[in-house]
Amino acid sequence: MPPIPALFTLSVDPKGKIICTQPSQLVYLLTFDSPPDNRLTPAFCSSFILALNILDRRFPKGTVVTTSAIPKFYSNGLDYESAIKSKTFFSDSLYPLWRRLLTYPMPTVALINGHAFAGGLMTAMMHDYRFMNPHRGFLCLNELEFGAPLMPPMSSIFRQKLPNPNTYRTMVLEARRFNALEALQEGIVDGLGMVQEVLKFVQELKLVEKAKSGVYGKLKMEMWRETRGYLEDYAGSEKKIKEELELEKRKEAKEEESVVEWEHLKSRNGPKL
């Protein structure tokens, strides 16, 4: 079978690209190819948003599927050290991408072909549906392992979309890696397979017809109001986080003071029989 010609290709600096093809009528496949692991850099986010805008504004409404040309990775998340040093990454790059996906006026399916860690998994969660390669890859929130707190929309999207809160507890507090079958059993993904299985899923649910009435995106805006609110009010969320951190520091100081006082009394009174 000859390769499907590209509808368009967008560059991702320095050496990446996002390719849009149409494997079936009104099904648009966005394939990431930003070595080595599709990190969510400002350039990647910008090109991803532009691809979504082009499909929305210049092509008939249908269904958008995203996947990766890199077999090992769907996306390995943020370049964390660079992200936290930037004053604009979250407000101008990552959160606009996530909001666009979350409220997109067509059905979206993340075809997770390989690993999706941290922000990569969160990006997949912003889609309406998720499919996973049954033979390769893990899904994982590994913030626990590299010492990163979860920001409000990073947490709320799982609270809103996972059917079992215990699954999220396992993801966050154990940093567990879910293989495809486990992810399906826990409701993290909706099905297993690759492009052909996704196309069958799209056909069975008649997803290419869902955007015709013009309210698909508006319905999602209300469905996911909590997460959308966090994504839109980055400044407010940041202010609240800082206030909470200051309050936590004061609490920790009081807790330390109580322990020091106990130690002082213990040493003064001596051990009790």
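This is a predicted model: local features need pLDDT of at least 70, side-chain atom pairs count only at pLDDT 80 or more; totals for chains, interfaces and linings use all residues.
## The largest pocket

The largest pocket has a volume of about 750 Å³. Its lining is made up of 38 residues, and those closest to the centre of the pocket are Pro149, Leu150, Met151, Met154 and Ile241. By class, the lining of this pocket comprises 21 nonpolar, nine polar and eight charged residues.

Several helices take part in this lining, and the elements that supply two or more residues are α2 (80-85), α3 (89-102), α4 (119-125), α5 (143-146), α6 (152-161), α11 (225-232) and α12 (234-269). The contribution of α12 is the greatest, at nine residues.

## The second largest pocket

The second largest pocket holds about 170 Å³ of space. The residues that line this pocket are Asp128, Tyr129, Arg130, Lys161, Asp190, Tyr216, Leu219, Lys220, Met223 and Trp224.

Two elements, β8 (129-132) and α10 (216-223), each give two or more residues to the lining of the second largest pocket, and the largest share, four residues, comes from α10. Two of the lining residues, Lys161 and Trp224, are also in contact through a charge and a ring: the charged end of Lys161 sits over the ring of Trp224, at 4.8 Å from the centre of that ring.

## Aromatic contacts

Across the whole structure, a search finds 15 aromatic pairs. One of them is formed by Tyr129 and Phe201, whose rings are arranged edge-to-face, with 5.3 Å from centre to centre and 75° between the planes. This pair links distant parts of the chain, since Tyr129 lies in strand β8 and Phe201 in helix α9 (residues 195-204), 72 residues apart.

Elsewhere, Phe89, Phe90, Tyr95, Trp98 and Tyr234 form one aromatic cluster.

The model contains one cavity of 30 Å³ or more, and the volume of the largest cavity is about 40 Å³. Pro23, Val27, Leu29, Val65, Val195, Val198 and Leu199 line this cavity, and by class the lining consists of seven nonpolar residues, with no polar and no charged ones.

The elements that give two or more residues to the lining of the cavity are β3 (27-33) and α9.

## A three-stranded sheet

Three strands form an open sheet in the order β5-β7-β9, and their pairing is parallel. The strands β5 (73-75) and β9 (139-140) stand at the edges, each with a single partner strand, so one side of each is left without a neighbour in the sheet.

The parallel strands β5 and β7 (residues 115-117) are joined by two bridges. Within this pairing, Ser75 has Ala116 in β7 as its bridge partner.

Notes
Residues are numbered from 1 along each chain as its sequence is written. Side-chain values use heavy atoms; hydrogens and water are left out. On a 1 Å grid over the protein atoms alone, a cavity is a set of points where a 1.4 Å probe fits but cannot get out, and a pocket is an open set with protein on both sides within 12 Å along at least five of seven lines; lining residues have an atom within 4 Å of a point. Grid points are joined across faces, edges and corners, and a volume is the space filled by probe spheres set on the points. Ala, Val, Leu, Ile, Met, Phe, Trp, Tyr, Cys and Pro count as nonpolar, Asp, Glu, Lys and Arg as charged, and the others, Gly among them, as polar. Rings of Phe, Tyr and Trp (its six-membered ring) pair if their centres lie within 6.5 Å; planes under 30 degrees apart count as stacked, over 60 as edge-to-face and the rest as tilted. A charge sits over a ring if NZ of Lys or CZ of Arg is within 6 Å of the ring centre and within 35 degrees of the ring normal. Two strands pair if DSSP finds at least two bridges between them.
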